[in-house]
Structures are given as structure tokens and as C-alpha cells.
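Trainee: I have a structure to learn and some questions about it. Can we go through them together?

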Amino acid sequence: MQISIQNLSKEYSKKTAVKNTNLELTPGIYGLLGANGAGKSTLMRMLCGILKPTTGRIKFNDKDIETLGEQYYEHIGYMPQDFGFYPDFTARDFMMYMAAVKGLDKKTSKSRIEELLTMVNLQEMAGKKIKSFSGGMKQRLGIAQAELNSPSILVLDEPTAGLDPKERIRFRNLISDFSKDRIIILSTHIVSDIAYIADTILMMKQGDIILQSPIEKATEAIKGKVWEVVVDIRELDTYTKVFTVANLQHENNKVRLRLIHETPPSATAIAVESTLEDLFLYYFGEIELNGSVEDVV
Amino acid sequence: MLFKYEFLKIIKRKSTIIIFLLGLLMTTVFFSLPVIQYQAFTQEGMITGFEGISYNKNSQLELAGLLTEEVITDIILEYQQLFEDPSNVGYDGRDEFLIGDAYWEFVVPRTKFLRMVMNNYSPPDIILTVDRLREVDLSHGAQFYETRSNKIETLVQNPERELSVSQQDFWLEKNSQVETSFEYGFSEGWDVILSATELLLFGILLVCIILAPVFAGEYQSGADAIILSSKYGKTKVIVAKILAALVFGLLAFSLYVIMACSIPLLAFGVEGWNLPIQITNTVIPYPLTFLQATVINFLVIYIVLIGLISLTLLVSAKMKSPYFVLMIMVPLFFIPLFLQPDGTTGFYNLLIYLLPYRATMSTFSQFITYQVGGIVLDAFMARVLLYGLMSIITLPLARYVFKKHQVSA
């Protein structure tokens with residue numbers, strides 16, 4: 001099974017959301033990382049066949065997805081952002097509806113729905129209206145509906161947004177359970193989600209895929225560019241203005257800084273092992289992080 | 001399965017329930033008013049409501065029967081003879097009229113009947129008061145049906161109507177099928193229904209408001225993404241949505257229709273269903289009973305409903321939000337309310353009888369004529385054609401537009 005994205009672009013009247021992208025996707029979990037507006041959702045929508053590219057094509061097992069039509073859609077499971085539709089439906093009704101939309105027969109649907117609702121820990125809420133669900137419950141329902149047809153391509157757009165830490169862990173475990181022999185594409189701007197479950201990291205910036213790398217090798221790009229330095233508290237302002245600061249820790253009148261820079265920021269700086277958070281900061285810089293450090297890492 | 005859940009989507013929305021109940025309440029109020037406000041007059045005073053209905057019903061049933069030339073001649077003669085006694089006659093400086101017992105015992109119980117008779121003798125497009133029955137020449141009998149035929153001929157041949165010969169023949173041929181003599185009786189319940197069918201326009205509007213989110217609601221909530229990326233999202237789901245919308249629309253509207261019919265018929269009784277509609281207005285050229293006329297009128301209104309639902313679905317498939325759908329559909333319903341016919345046969349006049357408001361009216365006595373190629377159509381057939389075509393064109397378009405919808409931010 002293979003998805004081949006060839007010269008894919010999407011242009012809107014005022015901006016280019018995705019620029020001439022080429023990717024080959026085989027079974028595995030792909031973490032699509034990028035700041036808001038990087039083009040992640042646009043790319044995912046084109047992958048799901050619900051948004052037409054301006055140029056380029058997407059092939060599934062060497063066949064254009066546009067010509068495959070239903071034959072392609074039956075392989076797709078998609079969970080869009082901000083999930084929480086049909087507030088007046090119960091979770092079970094909603095799942096029954098989605099099962100019908102996905103072409104499952106009634107008998108198969110019932111057992112599959114019970115299985116999935118149990119898996120996402122919503123079996124006790126099955127008869128409750130979706131409008132009474134918390135954000136986390138809606139997200140879990142979202143993943144359950146995406147999984148209904150046991151899709152070989154699972155596309156999850158910001159699935160952990162709005163989840164508390166406990167729910168995020170549960171969610172990661174779910175994804176890992178689903179991952180065998182499938183292509184799973186997971187977009188997020190939460191680096192730790194990807195660090196835990198993705199096999200491959202795809203980093204997007206302003207419509208470009210700027211990095212495609214196996215997760216264990218991803219940080220090699222910034223090897224020797226992450227430094228730790230202890231400075232006087234009076235020098236803090238200077239350092240934060242000049243360098244990308246990944247972390248800071250107060251120690252009496254001193255501050256321990258974790259910096260990302262091509263060269264040692266001072267004679268006393270020590271090179272340290274890089275992480276995905278460092279990688280993210282390296283590519284997106286402080287501008288992307290304004291006021292959202294916790295969100296991102 | 002898909003149909004069931006698409007239908008549930010419509011009926012489970014709180015707004016659906018509120019709007020539907022509002023429609024039911026409006027229909028109830030609209031069609032109760034003729035009952036609540038019904039008045040009968042006696043020498044002792046005014047009788048309202050059910051008592052008034054009962055009083056007038058008994059009075060009119062006394063006149064029930066076949067309206068032969070002899071019967072009509074006798075009644076007009078009796079009326080004219082009342083003027084021979086000066087104590088029965090009042091004078092306002094211009095006209096003479098019956099007063100006292102002659103008025104209360106002869107005219108009042110027969111008011112509706114006498115008006116119908118007088119209108120038959122009135123020149124086209126003019127309504128004369130009952131007093132003018134005095135002037136009807138009875139030297140050769142009432143000649144009621146001959147007068148009626150002549151009046152219809154004059155109406156269709158009136159140069160101001162600009163009807164072609166084939167159009168005139170269309171109406172005269174239709175009229176030739178009307179059987180005379182007319183059977184008279186009490187038909188108030190059917191009268192009320194036929195004279196107020198345009199009030200059901202609000203029911204159609206509310207149904208369209210309820211259906212505005214069928215496609216646009218999916219775009220607005222973002223659910224279009226999961227539907228269109230699923231196996232049947234671009235095929236069976238769309239068919240199910242359209243079917244569910246049509247079935248809901250027809251069911252909801254039928255409840256309004258049931259309410260609209262049952263209130264007058266329960267209050268006034270079902271009597272009159274088999275009487276000719278000419279007893280409300282003798283120039284009506286349609287050979288129909290009240291029941292047949294009501295059924296035809298409602299069938300046409302149902303086609304109008306289906307056409308407007310189809311149009312709503314197309315607009316819904318095109319717009320990003322149900323609010324935009326309403327911004328287009330609501331004026332389409334309300335603007336025609338303020339358009340008045342200009343009495344000509346020009347395009348404007350013909351058009352407004354096809355727009356939503358007047359398309360729901362029973363226009364049996366108005367000789368509104370359309371021509372498509374060599375085929376002459378009355379207003380009812382033209383409405384069926386227009387709204388039928390509207391459905392045939394807009395439903396596949398709605399399907400196409402949703403199928404091709406692009407899910408973007």
C-alpha cells in the first residue's frame with residue numbers, strides 16, 4: 001500500500017497553502033508538525049479527496065484518487081479539527097449514521113460501534129446526546145467514527161487539541177493500537193504527541209515540507225546546535241533577544257539557558273543532546289511560540 | 001438507513017421543532033379566525049361564533065336545492081314585489097332599499113344567495129349591491145344561465161384582456177362543461193378553505209426555513225469533511241438528504257393542510273363538498289365541485305411546495321451557512337406579498353400569479369391565461385409546469401453542487 005503525492009499545490013486567491021509537495025507514504029505513523037497556517041489541514045483535506053489541488057496529483061497504489069472515487073474513500077478514515085457535529089444526536093445514533101455513510105451494513109455496524117465505543121471508553125455515554133460531551137469525549141468519538149470502516153489510511157487533524165494530559169496519553173495509546181499495516185497521518189502542533197507515537201516526522205512551514213525524517217533521526221539536523229549556558233541574571237535580556245531560547249531555569253542569581261544556535265553562544269556554552277522541541281524551535285523560531293510555549297511542547 | 005438518519009437530523013434539531021410548532025400555531029390562528037369572527041345578523045342583534053354559524057346554516061339550507069330558472073325567477077320576483085309596499089322601502093337620497101321586516105326576514109337570511117344572484121347580473125369586473133336586483137328584467141324569466149354565459153363570453157372577449165382566439169376558446173370550452181342548473185346549499189367550510197389557501201404560504205416558508213441547513217448546515221458545522229471523505233458521501237448521502245428533506249417537507253406541510261382544512265370543516269360542517277363552486281361566483285368556468293376544486297388547489301400548492309423545497313436545497317448546497325440561504329429565500333417569499341396585479345395580461349401580471357404568494361391562491365374566477373407554444377394553460381397548470389420544472393432542474397443541481405463542494409477553511 002502506497003500513497004504517492006506528486007507536485008501537489010493548493011493556491012487560494014491570496015496565498016499558496018501548499019507548495020509543490022512530493023511525498024511517498026507507506027504504512028506507518030506520520031506526524032505532520034507545523035505552526036497554525038502552515039498548510040497541514042489543506043494537505044490533509046487534499047489527501048482525503050475533499051479539496052481539489054490546484055496542481056499535481058495524489059495516487060493510491062498507483063491510481064489517481066480522483067478516478068478511484070468510492071474505491072478510495074472506503075479506505076479513508078478522517079477526523080477533522082474541532083470535532084463535535086450533530087449535537088442533538090446520541091453518540092450511538094451518530095456512529096450508526098457514519099457507519100451508513102461509510103457503507104457498512106446494519107449488522108456489522110452495530111457490533112463495530114459497540115467495539116469502538118468501548119475502545120474509546122464511551123460505552124456508558126453511547127445513549128447520551130453529543131452536546132453533553134466534553135471536548136475530550138468529542139475527540140474520542142471523532143477517532144471512533146474515523147475508525148469505523150477500519151480504514152487503511154487514517155487522517156487525523158489536530159486530534160489532541162483541547163485534550164487534558166490524561167486524555168492525550170489515552171489517545172496516543174489508541175493510535176498505537178490502530179497503527180498496524182496502515183498509513184496514519186497525524187497533524188499537530190504539540191511536539192510531544194509526535195515524539196511518542198510517530199515513526200516519521202513531516203515538518204511543514206508556509207506550505208512547504210521542510211523536513212521528512214524518521215523520528216529517531218529527525219534531531220540529527222540540529223546536532224551540535226543546542227547549547228546549555230549559565231549566565232548572570234542581568235545578561236538574560238541580551239541572550240533572549242539574540243538567541244532562540246528553548247528553556248530557562250533560575251539558579252540563585254544565575255539563569256541556566258537552553259539555546260539553539262549554529263555556533264556556541266559563549267565560551268562557556270556546552271553542547272547538549274537535541275530534542276524534537278529543539279527541532280521545532282529551530283525551524284519555527286520564537287515568533288511561532290509567542291504565548292504558546294506550553295501548547296507547542 | 002441513510003434516509004432514516006438524514007430524516008432524524010432534520011427533526012432532532014430544536015429549531016425544527018420550534019419553527020414547526022410556530023407554523024402549526026399560525027395555521028390554527030389563521031384558519032380559526034373566520035370561525036371566531038363569524039357573524040350572523042338578526043333583528044334582535046348580532047350572533048357570533050358557532051351560534052351564528054348554526055343560524056346562517058339553517059337559513060341557507062332553506063334555499064338548498066336545484067337553482068332552476070323558475071326558482072331564481074320566483075326569488076327575484078318576490079324580492080322586487082317587496083318594493084311595492086312603501087312601508088318596506090327606505091331611501092337615502094340616492095338609492096331605495098328594503099327596510100324593516102322585509103329586510104330582516106327576506107334579505108338578511110338570503111344575503112349570500114342574493115349576492116351570488118346579483119353578481120351574475122352585474123357587468124364584468126363590477127360588483128353591484130343586492131338592491132339592484134330590482135332592475136333585473138323578468139319579462140322573459142330570469143334568464144340566469146344565459147346571462148351567465150354571456151357574461152363569461154364578454155369577460156374573455158374583453159379587448160383589455162388581450163386573449164387570443166385560442167385562449168378565448170380554451171375558457172369557453174372549459175365553461176361549456178359546467179353543468180346547469182346549479183345545486184345550491186351551505187358550503188361555508190369549503191368557501192373559507194378556498195378563500196384562504198394563500199395563508200399556507202407561511203407554512204411553505206417555515207418548511208423551507210427548517211430545510212435551509214440540509215447542506216449548508218454541514219458546511220457550517222464542518223461535518224461536510226467527514227461526509228464527503230466517506231464512501232457514500234458524494235453519492236447515496238446526497239440522495240438520502242434530498243429524499244429526507246422532501247418527505248419531511250411534505251409531512252410537515254400536510255399537518256398544516258390538515259389543520260387548515262379541519263378547523264373550517266369541523267366548525268361549518270363538511271356540507272357542500274359535492275356542490276358546484278359556481279355558487280360562490282357564477283363566472284367560474286371550471287366544472288368542479290367544492291371538493292374537486294379544493295383537491296386541485298392543494299395538489300398545485302403541493303407542487304409549489306416541492307418546487308420551493310428543491311430551490312431551497314440548491315441554495316443550501318451553494319451557500320456556506322443556513323443564514324445565507326434564508327437571506328435569499330425569505331425575500332423570495334415576502335416580496336411577492338407586496339406586488340399587486342395591474343389587471344393587464346402583460347408579463348408582470350402573469351409573473352406575479354406564479355410567484356410564491358399568488359401561486360398558492362385559488363384563482364378559479366380570474367381567467368389568468370398563459371401560452372407555451374401552441375398550448376394554452378390556466379394559472380394552475382402554469383404553476384405545475386413552472387414549479388415542476390424548478391424541481392427537475394434544481395434537485396440534480398443541488399446534488400451536483402454538494403458533490404463538487406470543496407472543503408476549505
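Trainee: Which residue stands opposite D157(A) in β8(A)?

Mentor: This is a predicted model, where local features need pLDDT of at least 70, side-chain atom pairs count only at pLDDT 80 or more, and totals for chains, interfaces and linings use all residues. Residues are numbered from 1 along each chain as its sequence is written, while chains are lettered from A and ligands numbered from 1 in the order in which they are written. Strands are DSSP runs (E, at least two residues), helices too (H or I, at least four), numbered from the N terminus. The residue of β8(A) opposite D157(A) is S187(A).

Trainee: In which sense do β7 and β8 of chain A pair, and over how many bridges?

Mentor: Two strands pair if DSSP finds at least two bridges between them. β7 covers residues 153-157 of chain A and β8 covers residues 183-188. Their sense is parallel, over five bridges.

Trainee: Which strands stand at the edges of the six-stranded sheet of chain A?

Mentor: The sheet is open, with mixed pairing, in the order β6-β7-β8-β3-β9-β10. An edge strand has a single partner, so one side of it is left without a neighbour in the sheet. The edges of chain A's sheet are β6 (76-79) and β10 (208-214).

Trainee: What angle does helix α1 of chain A make with β8(A)?

Mentor: Helix α1 (residues 40-47) packs on the sheet and touches β3, β7, β8 and β9 of chain A. Contact means C-beta atoms, placed from the backbone, within 7 Å. Axes are lines fitted to C-alpha atoms, for helices over the stretch in contact, and angles run from 0 to 180 degrees between N-to-C directions. The angle of α1(A) with β8(A) is about 155 degrees.

Trainee: How many residues of α1(A) are buried?

Mentor: Buried means 20 or more other C-beta atoms within 10 Å of a residue's own; exposed means 12 or fewer, and partly exposed lies in between. The buried residues of α1(A) include K40(A), R45(A) and M44(A). The count for α1(A) is eight of its eight residues.

Trainee: Which residues does V155(A) contact, leaving aside neighbours within four places in sequence?

Mentor: V155(A) is one of the residues with the most contacts inside the largest nonpolar core, which has 194 residues. Such a core is a set of buried Ala, Val, Leu, Ile, Met, Phe, Trp, Tyr and Cys residues joined through C-beta atoms within 7 Å. The contacts of V155(A) are M44(A), L47(A), C48(A), I76(A), Y78(A) and I185(A).

Trainee: What is the bridge partner of W227(A) in β14(A)?

Mentor: Another open sheet of chain A has four antiparallel strands, in the order β12-β13-β11-β14. Its edge strands are β12 (244-251) and β14 (270-271). Two bridges join β11 (residues 226-232) to β14(A). The partner of W227(A) is A271(A).

Trainee: Which element of chain B gives the most to the side that touches chain A?

Mentor: The contact takes 26 residues from chain B and 28 residues from chain A. On the side of chain B, α1 (2-12) and α12 (224-228) each give two or more residues. The one that gives the most, with five residues, is α1(B).

Trainee: How far apart are the C-alpha centres of domain 1 and domain 2 of chain B?

Mentor: Domain bounds come from an automatic or database domain assignment. Domain 1 is 2-37 + 187-403, and domain 2 is 39-149. Their contact takes seven residues from domain 1 and eight residues from domain 2. The centres lie apart by 39 Å.

Methods: Contact = placed C-beta atoms within 7 Å.
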